[in-house]
Amino acid sequence: MRRWLASMMLTMWWACGLPGEARAATDYCVGSERAVLFLIDRTTAYDERDQEVLVGGMERFFRELGTGDRLLLCTIGASPADSRRLFDRCVPGCPDEGFLGNLFSSCKAMVARADRQVFTRDLVTMLVDLLHDQQDHPASAIIETIRSVAASNRAGHPTRLVLFSDMLENTELLTFEQLLRDGAGPALARVEQAGMVPDLAGMEVDAFGLGRSHAKDRPALSGEAMRTLTEFWEGLFAKAGAADSTIGPDYVEGTD
């Protein structure tokens with residue numbers, strides 16, 4: 001983790017010295033139709049393991065972003081109203097239009113490379129701020145926040161949802177204790193009857209950070225608890241219309 005943050009800090013230092021004209025606003029969103037919603041759970045203070053998982057996942061995720069891809073990063077809090085938009089930009093870069101196309105294109109490669117460095121710098125700055133700003137809340141509104149953020153950004157046609165969270169829902173809608181007591185099926189029925197199934201039609205969903213409880217020292221979940229938790233979220237994402245989903249302790253690199 002420290003090595004990656006150190007290399008990114010060097011990138012930030014270089015980007016800070018870019019001339020003003022290199023950072024002129026350019027609409028890079030036209031270069032891609034892909035958009036990713038990335039939600040980061042802020043309801044439990046991060047320990048060293050959480051930080052390693054988050055930073056490692058962000059590093060692998062960052063390598064997958066292509067020119068023009070839109071990244072919208074929001075937080076998960078104690079309620080949907082607590083969610084904060086931390087980052088919303090498209091990846092700078094020029095599309096390859098062949099020799100003549102590139103020669104006469106309005107997109108200038110040198111400016112795009114400089115803007116990409118600024119994009120990276122600002123993303124890393126945001127991540128460092130998150131790691132330094134520890135938060136802890138008794139409630140965790142994961143389901144309702146997913147539903148709210150997905151609905152408010154549906155017009156942007158998001159193609160993917162990535163979540164960093166232990167996925168331990170704790171609201172009046174559902175608690176982790178209720179999930180373990182009643183099982184995945186009844187818990188899913190409860191969410192569906194409350195009209196709280198999010199609309200994730202056609203989206204790829206990747207959730208990482210699972211496997212630890214909220215008890216003191218964050219012990220690992222039992223095998224049975226992990227199976228119930230995974231079954232519930234896989235079922236919810238399926239009901240939400242997701243095209244596919246991956247759920248686990250660590251980030252799994254996608255194919256986009």
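## Overall architecture

Helices here are DSSP runs of H or I with at least four residues, strands are runs of E with at least two, and both are numbered from the N terminus. In this predicted model, the chain holds eight helices and six strands, which follow one another along the sequence in the pattern α-β-α-β-β-α-α-α-β-α-α-β-α-β.

Of the 256 residues in the chain, 50% count as buried. The chain exposes about 12600 Å², and carbon and sulfur atoms supply 53% of that area. Among the contacts with a separation of 6 or more, 81% are between residues 24 or more positions apart.

## The largest pocket

Two elements, β2 (70–76) and α4 (109–132), each supply at least two residues of the lining. The largest share comes from α4, which gives three residues.

In soluble globular proteins, nonpolar side chains tend to be buried together. In this chain the largest nonpolar core has 38 residues, and those with the most contacts inside it are I146, L161, L163, L200, F232, W233 and F237. At least two residues of this core come from each of the strands β1 (35–41), β2, β4 (160–164) and β5 (204–208), and likewise from each of the helices α5 (142–152), α6 (176–182), α7 (184–193) and α8 (223–239). Helix α8 gives the most to this core, with seven residues. Apart from this core lies another, of 25 residues, which includes L65, L130, F208 and Y251.

The surroundings of L163 illustrate how separate parts of the sequence meet: leaving aside neighbours within four places in sequence, L163 is in contact with L39, I76, I146, V205, D206, A207, F208 and F237.

## L179 in helix α6

Residue L179 is placed in helix α6. L179 counts as buried because its relative accessibility is 3%, where the cut-off for buried is under 20%.

When residues up to four places away in sequence are not counted, L179 touches L174, A184, A187, T228, L229 and F232.

Methods. Residues numbered from 1 in each chain as written. Predicted model: local features only at pLDDT ≥ 70, side-chain atom pairs only at ≥ 80, totals over all residues. Heavy atoms only, no water. Core = buried A, V, L, I, M, F, W, Y, C linked by side-chain atoms within 4.5 Å. Buried < 20%, exposed > 50% of the residue type's maximum accessible area, 1.4 Å probe, protein only. Contact = heavy atoms within 4.5 Å. Areas by Shrake-Rupley, 256 points an atom, 1.4 Å probe, with all protein chains shown as cover.
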